[in-house]
Amino acid sequence: DVELAKVAELRRRSLAIKMEAGLPLDFRPPDTDFNPLSAGPLSVPAAPGKPHMVDKQRVSECAAPACDVRFNKWNRRWKHHCTACGHVFCADCASRYLLLPERFGEHDPQRVCDACYAEHNAVSFARHFDAAGADDAPALVLLPAALCNRGSVLPLMRAWAARYRVITVDLPGFGSRLGEPLTVDGAVLAIERAVKAATRAPHKAVVYGHSMGAYFAVEFASRRPGMCLGVVLAHVANETHGSHQRMMFDGLGHVSRGVPASQLWKLVPHMYGRDVPRAHLDEPFLRTGVQYEMWPDVCAALREREPDHFARRIGAYPGRILFLHGANELKVALPRFVLHSQHGTSEVLDGVGLLAAYDPRSAERYAELVHRFVDECVAGPQFPPANEQQRRDSLQRRLYRNTAQLSRAELAAAM
């Protein structure tokens, strides 16, 4: 046990030094083309079971190399064990929760230190993006939902890589970009670099954004229209400005701050879909970690363009847009978004909510809609001509057909 503890300590300190210096954890360049579907197992200690837990009573300082916190009778409650390595850290250096690999014998997310969070995460922190599929296939970029890293869309990558060149990207502040400030400019640059590194010239792709990812997908499409063949906006139906939206964003932040850290992970089913079995949530969310502390940064980034309307930014993109939603989620501004888009269509899946792509009841239909849209974007003209009045009439008919749960008064008000 003593030797295993020494090995774990050396590994932890090595990872901490690499993270502090900004070096890749496995010495791969950040933009190396990597296929996670064909990769081997994660690099974890070979010893089975839980690690030896250091005695808290004998620890007088935080085990993190870059932390200078010393424990005394006033802050002794700040002591926390990292479940992965067994060492004692202060509350700030062991603030994250992660569902550890099976060998640890834990069925719920556990408190871990920053180094173990990176080491045992389901995605590699040595890269800023992953790519899978033939490099000459049509490119499809997947952007994750709020508070999630690129691992949250790994099930979609696995399902769609046989057909497309699928690219998943970590936005600033998440996953491998932990600690970077989340800004619109930074997100657009991260997407652009991933597309250029993972595709062949002329470096064009369809961009899929889930929830928060959809807002950044629109920013990328409107700023880099020449690189974007089309946009899929999944589960985004709220404006980013106004008092009502500010109350909603701030309210979610207060809810997450009011829940004890050890129980925050239980918000995942409520945030992303209570009807989806937990087995479908473990890999994309709990094994990759949900970063609740990033919520204020997400809100600030989405408000960067105030008082500009998100609908106007949608209208700035001249290509095709597909709006995908579940019938059980809010669609407050959906009609307005579709009507502002130059070439937008809307599809609503019955009986499902925010996690329609992961729900076994709708995953097949969901994939069919995405595939059809991507194929149309690749095969057809990028900016199809359309008469303005005919376009608005056509969009009206599609809205009435696909959003039956919205009243005609709400649709008229949105126009």
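User: Is Gly105 buried, partly exposed or exposed, and what is its relative accessible area?
Analyst: This is a predicted model, in which local features need pLDDT of at least 70, side-chain atom pairs count only at pLDDT 80 or more, and totals for chains, interfaces and linings use all residues. Residues are numbered from 1 along each chain as its sequence is written, and side-chain values use heavy atoms, with hydrogens and water left out. Buried means under 20% relative accessible area, exposed over 50% and partly exposed in between (1.4 Å probe, protein chains only). Gly105 is partly exposed, its relative accessible area being 45%.

User: How far apart in space are Gly105 and Lys50?
Analyst: Gly105 lies in the loop between strand 3 (96-98) and strand 4 (110-112); strands (E, at least two residues) and helices (H or I, at least four) are DSSP runs, numbered from the N terminus. In sequence, 55 residues separate Gly105 from Lys50, but C-alpha to C-alpha they are 7.3 Å apart.

User: How is helix 4 oriented relative to helix 5?
Analyst: The axes of helix 4 (residues 184-198) and helix 5 (residues 212-223) come within 9 Å and cross at roughly 75°. Axes are lines fitted to C-alpha atoms over the stretch in contact, with angles from 0 to 180 degrees between N-to-C directions. Angles under 35 degrees count as roughly parallel, over 145 as roughly antiparallel, 65 to 115 as roughly perpendicular and the rest as oblique. Helix 4 is therefore, relative to helix 5, roughly perpendicular.

User: What percentage of the protein chain is buried?
Analyst: The chain has 14 helices and eleven strands. Of its 415 residues, the buried share is 54%.
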